[in-house]
Amino acid sequence: MRPKPPVPIWRWALWSAILAAALFVFYVVFTPFWMATRALAWLADFRARRRPGYRPPVSASEGAGKAAAPSETFDR
């Protein structure tokens, strides 16, 4: 069995360029987009709560006797 040959420099350069591009897309494109959608959701919820006659989706008395939702089981 022969030892593996060293990795060529051009492959290291290509891998580094792809990694840099991926980091740029994630941090420069996706993160601000995600933060903007969260801000819009917060604003929509804030405006909905200020409207007269607002009823929360689940009141404390309705949710007391029911089992926890699957998404709530991991928050504990």
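At 38% relative accessibility, F46 counts as partly exposed (between the cut-offs for buried, under 20% relative accessible area, and exposed, over 50%, using a 1.4 Å probe and protein chains only). That residue belongs to a predicted model, where local features need pLDDT of at least 70 and side-chain atom pairs count only at pLDDT 80 or more, while totals for chains, interfaces and linings use all residues. Residues are numbered from 1 along each chain as its sequence is written, and side-chain values use heavy atoms, with hydrogens and water left out.

**Overall layout**

- The chain has three helices and zero strands, counted as DSSP runs numbered from the N terminus (H or I, at least four residues, for helices; E, at least two, for strands).
- Reading from the N terminus, the order is simply α-α-α.

**Helix α1**

- Helix α1 covers residues 9-50.
- With 42 residues, α1 reaches 61 Å from first C-alpha to last, close to the 62 Å expected at 1.5 Å a residue (the expected span being 1.5 Å times one less than the number of residues).
- There's a bend of about 35 degrees in α1 at F30, and the proline P32 follows within four residues; the bend is the angle between axes fitted to the seven residues ending at a position and the seven starting there.

**Aromatic pairs**

- Searching the whole structure turns up three aromatic pairs, meaning rings of Phe, Tyr and Trp (its six-membered ring) with centres within 6.5 Å; planes under 30 degrees apart are stacked, over 60 edge-to-face, and the rest tilted.
- One of them is W12 with W15, an edge-to-face pair at 6.5 Å centre to centre with 80 degrees between the planes.
- W12 and W15 sit three residues apart in helix α1, about one turn of the helix.
- W12 is partly exposed at 48% relative accessible area, whereas W15 is exposed at 52%.
- Another pair is W42 with F46, which is stacked: 5.4 Å centre to centre, 15 degrees between the planes.
- W42 and F46 are four residues apart in α1, again about one turn, and W42 is exposed at 56% relative accessible area.

**Salt bridge**

- The count comes to one salt bridge, defined as a side-chain nitrogen of Lys or Arg within 4 Å of a carboxyl oxygen of Asp or Glu.
- D45 and R49 form it, with their closest N and O atoms 3.0 Å apart.
- D45 and R49 are four residues apart in α1, so about one helical turn separates them.
- D45 is partly exposed, at 34% relative accessible area.

**Confidence**

- Average pLDDT for the chain is 84, and 76% of the residues score at least 70; pLDDT is the predictor's confidence in each residue, from 0 to 100.
- Among the elements, α1 has the highest mean pLDDT (94) and helix α3 (residues 70-73) the lowest (59).
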